[in-house]
Structure formats: C-alpha cells, structure tokens
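This briefing walks through one protein chain, from overall fold to individual contacts. Please have the sequence and the coordinates open as you read.

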Amino acid sequence: MSTAIPEPKIFACKQSEALAQDIAKAFGIPLGSVITAHYSDGEFQPSFEESVRGSRVFLIGSTFPNSDHLMELLLMIDAAKRASARHITAVLPYFGWARQDRKDKPRVPIAAKLVAKMLETAGATRIITMDLHADQIQGFFEKPVDHLFASTIFLPYLRSLNLDNLTIASPDMGGSKRAYAYSKFLESDVVICYKQREKANVISLMELIGDVKGKNVVLVDDMVDTAGTLTTAADLMMERGALSVRAVCTHPLLSGNAYERIEKSQLLELIVSDSIPTKPSKKIRVISCAKLFADVMLSVNANKSISGKFLM
C-alpha cells in the first residue's frame, strides 16, 4: 500500500479570500484558482481552474449568514469530490448556525446538526474549525473534526499587555468554562455576568457575579453579534468600579448597529480574529488566525499530531 502524502491544494470561498491568502502564504503554496459563474436569478456555480485529482484539497470558507456562504462551500466540496480529489478538508474558521445546537423550544430545527450532515453528504472527509459555539457540535459529525482554540492567538497578546489586577469575565453563564480556562492560564480572578433575554439579541436583565472594583477586566466570548451583551456588560462593570474593560471575541459577526454600539460603549478595546472580515474601527484590534490554521493544515497533510498547537 502506498504511503505517499497526497499533493495539498488550497482554495477559498469568496467571503474568506483574504484569510485564505494569508493561510496559503503561511502554508507555503499559492492559493488555487476558482472562478464563479453567476446567473441573473442569483444562482451561482464555482469551478476549479486546475486539476485536483488525487490531491488533498483544503476548502476555506466561514459560513456566517447569509446562506449563500454555506451554499458556496457545499458546491465547492461537491465539485472537488466529482473531480476525484483524494481528501476534501472543509476549513471553517467560523462554523455558522452553531447557536442552533439544540431544541430550546418546540417545533424548531437543530441547524448545527443539519449543517454538519450537509457538509458530510456533499463529500467533506475532514473538518477544521475554531471556537465552536458549543463543543458538543463535534459529535454531530461522523468524520474527523479538528477543533482549534483561538486562545492560542489571544493569550500571548493579553499577556503582553501586562495588566495589573487582571480579572477575566464571562458575559453569560454559558461562557464560564472558557473564562475559567483563560483565568487559569493568566492566573487571574473570574467574574460572571448573569443575563436574561427577552428574545434573540435582546437583553431584559443583566447582573454581575463577583467584584470588579479596581480591576482591569477582559470579557471573553466565542462571538460578538449585535454587541448588545458586551457593551451592556462593559458599561455595568465600569459602573461597579472597574479600571478598564476589554473584550476578546473570536468571531466578529458585528451585525446591525454593532459598530456604533462598540464606538459609543466604555469598551477600551475589542480583540477579534479574522475568521470573519471586519470593517475598520479604532476600537477593534484584529489578530490573525492564519498561521494557526496553516500549521494545523500542514500537520494534517503530513499525518502528524496537532496537540502541540493548543495553549490550553
């Protein structure tokens, strides 16, 4: 049996082209050529402009709404399968629809499970993603999943700030595990915000569990959407005597009036990855995840362990 490592090739979905260029550069190969034909009714057809036969194909695309981004990735997976790619790795820096990971009321879908099945049905043989909204989403797949942690890129930056009286905060109860992991690595205190939602993206109540007086606070979360939770938490903490409030959020969805909220809030800085493209803002610092993904992709292609890529 041949043990030759298949030739790697990297292709990008339109929404992740900038990140994919950086990943391909760090990986050490040029980004593959894809053209997309568009029909007047909105239908589109991606096409690989080079052979992928026998190759290990990495397809890079975050699946944040709208649904065209997910559809594009599915079509590219199908095209690679029909072009006889040997391995097809779907690289989703941001795995969209992940907030729908369970039935929280009757007669609703479990969208994260559906997306997992669609990726596998299309032909993905491996998934690489980062900071899933819920860890158990890995169990929705029957194929191998490499779940990367953005803490690998954020923790060195936080440590470089040399903040005195550092306290890590979770903006809700669900993120307490992540906050405790950060606090353990940075040897800091932890506080937690308790919130109740009136409906999606609307907070009816927020309370703080813990003391932030005289502290430099860093809020930690997996994503920021409308920024309502983060800005409310930051304002509450400053009212309670915090010296400063920063936020670390892996995936900058930043929908609605999120940018305006962040600019007007008492957040000193919002630190995000480039898993999703952002608009320029004086309060937003982007730390690239390209090298992290490139290193893991190199290890996957060489059939090597990736456990050394995790700080925590």
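Residues 24 or more positions apart account for 63% of the contacts in the protein with a separation of 6 or more. The model is a predicted one. Its secondary structure comes to 8 helices and 14 strands.

**Overall shape and burial**

- The protein has a radius of gyration of 20 Å, which agrees with the value near 20 Å for a compact globule of 312 residues.
- Along the principal axes, the C-alpha trace spans about 60 × 40 × 35 Å.
- Of the 312 residues, 52% count as buried.

**Annotated domain**

- UniProt lists residues 9-123 as "domain: Ribose-phosphate pyrophosphokinase N-terminal", in an unreviewed entry.
- Over residues 9-123, the chain is 33% helix and 22% strand.
- The end C-alpha atoms of that stretch are 16 Å apart.

**Nonpolar cores**

- In soluble globular proteins, nonpolar side chains tend to be buried together.
- Here the largest nonpolar core has 38 residues. Ile128, Phe293 and Met297 have the most contacts inside it.
- Helix α8 (residues 290-301) gives the largest share of this core, 7 residues.
- Which residues does Met297 touch, not counting residues up to four places away in sequence? They are Ile10, Ile23, Phe27, Phe58, Ile60, Val91 and Ile128.

**Salt bridges**

- Side chains of opposite charge can pair when their charged atoms come close.
- The structure holds 15 salt bridges.
- One of them pairs Arg240 with Glu207, with the closest N and O atoms 3.4 Å apart. The pair links distant parts of the chain, 33 residues apart. Arg240 sits in the loop between α6 (228-239) and β12 (244-252), and Glu207 in strand β10 (residues 202-209).
- Are Arg240 and Glu207 buried or partly exposed? Arg240 is partly exposed, with a relative accessible area of 38%. Glu207 is partly exposed too, with a relative accessible area of 36%.
- Glu269 forms a salt bridge with Arg246, with the closest N and O atoms 3.2 Å apart. This pair also links distant parts of the chain: Glu269 is in strand β13 (residues 269-273) and Arg246 in strand β12, 23 residues apart.
- Why does Glu269 count as buried? Its relative accessibility is 12%, and buried means under 20%. Arg246 counts as buried as well, at 12% relative accessibility.
- Glu269 forms a salt bridge with Arg285 too, with the closest N and O atoms 2.8 Å apart. Here strand β13, which holds Glu269, is linked to strand β14 (residues 284-287), which holds Arg285, and the two residues are 16 residues apart.
- Arg285 counts as partly exposed, at 40% relative accessibility.
- Salt bridges that share partners also join Asp78, Lys81 and Arg82 into one network.

- Strand β2 (residues 34-38) and strand β3 (residues 44-48) run antiparallel and are joined by 5 bridges.
- Thr36 stands opposite Pro46 in β3.
- The hairpin has 5 residues between the strands. In this hairpin, Gly42 takes a positive phi near 105 degrees.

- Where is Gly214 found? It is in the loop between β10 and β11 (216-224).
- Gly214 counts as partly exposed, at 25% relative accessibility.
- Gly214 touches Asn165, Gly241, Ala242 and Leu243, not counting residues up to four places away in sequence.
- How far apart are Gly214 and Ala242 in sequence and in space? They are 28 residues apart in sequence and 5.2 Å apart in space, C-alpha to C-alpha.

Definitions and conventions:
Residues are numbered from 1 along each chain as its sequence is written. This is a predicted model: local features need pLDDT of at least 70, side-chain atom pairs count only at pLDDT 80 or more; totals for chains, interfaces and linings use all residues. Side-chain values use heavy atoms; hydrogens and water are left out. A salt bridge is a side-chain nitrogen of Lys or Arg within 4 Å of a carboxyl oxygen of Asp or Glu. Helices (H or I, at least four residues) and strands (E, at least two) are DSSP runs, numbered from the N terminus. Buried means under 20% relative accessible area, exposed over 50%, partly exposed in between (1.4 Å probe, protein chains only). Two strands pair if DSSP finds at least two bridges between them. UniProt positions are given in the numbering used here, feature names are shortened, and annotations may be inferred rather than shown by experiment. Contact means heavy atoms within 4.5 Å. A nonpolar core is a set of buried Ala, Val, Leu, Ile, Met, Phe, Trp, Tyr and Cys residues joined through side-chain atoms within 4.5 Å. The radius of gyration is taken over C-alpha atoms; the globule rule is 2.2 Å times the number of residues to the power 0.38.
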